[in-house]
Amino acid sequence: MTHPTGRIADHAISPVFLDRWSPRAFTGEAMPQATLLSLFEAARWAPSAANGQPWRFIYGHRGTPAFDAIYDALDDGNRRWADKASVLVVIVSQTHRKNADGEMRPAYTHAFDTGAAWAYFALQAIHAGYHAHGMGGIDRARLTDVLGIPDGFRVEAAAAIGKIAPKETLPEDLMKREVPSTRKPVAEFASEGRFIA
């Protein structure tokens with residue numbers, strides 16, 4: 001199955017999975033709050049162990065102090081392009097939760113569950129006419145401090161949300177990278193019965 005993005009699926013899947021990619025060129029136009037809330041609504045319905053829902057999303061619209069606080073904690077490479085995002089989001093997971101006896105225990109699947117919520121969020125962005133670009137290049141300690149994230153929670157990643165702009169709006173080196181990426185074939189990560197390297 002060849003998709004308009006140039007991506008090729010080896011097995012039958014919904015086109016939405018090929019639509020989703022992580023561009024850097026954004027228009028900078030404002031995103032309606034109702035649209036952003038629809039992305040969070042999609043994240044809300046992600047599966048989670050024991051229905052713990054350990055995810056938290058902290059966001060800022062472009063042109064607000066909340067946006068600036070997140071932007072300032074991005075690595076230099078991400079600051080080169082993320083200023084044109086409509087919204088910046090920090091994705092946080094709850095690392096511990098109380099058991100039935102009120103004792104705080106590690107929530108072993110917190111990152112797994114929060115990753116599922118992020119995936120739902122990113123797919124809903126496509127449905128709404130936007131793209132979401134996840135970023136690991138962030139100052140987690142700074143975000144923990146400036147966003148008031150308490151103990152028992154961990155900053156996982158950040159994301160830039162926006163509408164795609166022409167790649168020519170990017171610096172030349174980034175312009176060359178502004179294409180949907182490929183993926184490993186299924187046979188390289190899925191195996192029956194035994195682990196494969």
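Start with T114, which touches P54, W55, I91, V92 and S93, leaving aside residues up to four places away in sequence. Keep in mind that this is a predicted model.

- You'll find T114 in helix α5, which covers residues 110-127.
- T114 counts as buried because its relative accessibility is 1%, and the cut-off for buried is under 20%.
- The T114 side chain also reaches back to the backbone oxygen of H110, at 2.8 Å.

**Nonpolar cores**
- The largest nonpolar core is made up of 23 residues.
- Inside that core, the residues with the most contacts are L74, W81, L88, M135, V155 and A160.
- Three elements, α3 (65-71), β2 (87-94) and β6 (153-162), each give two or more residues to this core.
- Take A160 from that list: A160 touches F26, W81, A85, V87, L88, H131, A132, H133 and M135, again not counting residues up to four places away in sequence.
- There's also a second, separate core of 19 residues, with A46, F57, V87 and A117 among them.

**The largest pocket**
- The largest pocket has a volume of about 580 Å³.
- Its lining comes to 18 residues, and I8, I13, L18, R183 and K184 are the ones nearest the centre.
- Sorted by class, that lining has 9 nonpolar, 5 charged and 4 polar residues.

Key: Residues numbered from 1 in each chain as written. Predicted model: local features only at pLDDT ≥ 70, side-chain atom pairs only at ≥ 80, totals over all residues. Heavy atoms only, no water. Core = buried A, V, L, I, M, F, W, Y, C linked by side-chain atoms within 4.5 Å. Buried < 20%, exposed > 50% of the residue type's maximum accessible area, 1.4 Å probe, protein only. Helix = DSSP H or I, 4+ residues; strand = E, 2+ residues; numbered from the N terminus. Contact = heavy atoms within 4.5 Å. 1 Å grid on protein atoms, 1.4 Å probe; cavity = no way out; pocket = protein on both sides within 12 Å on 5 of 7 lines; lining within 4 Å. Points joined across faces, edges and corners; volume = space filled by probe spheres on them. Nonpolar A, V, L, I, M, F, W, Y, C, P; charged D, E, K, R; others polar. Polar contact = N/O pair within 3.5 Å; in protein donor to acceptor, adjacent residues only side chain to side chain.
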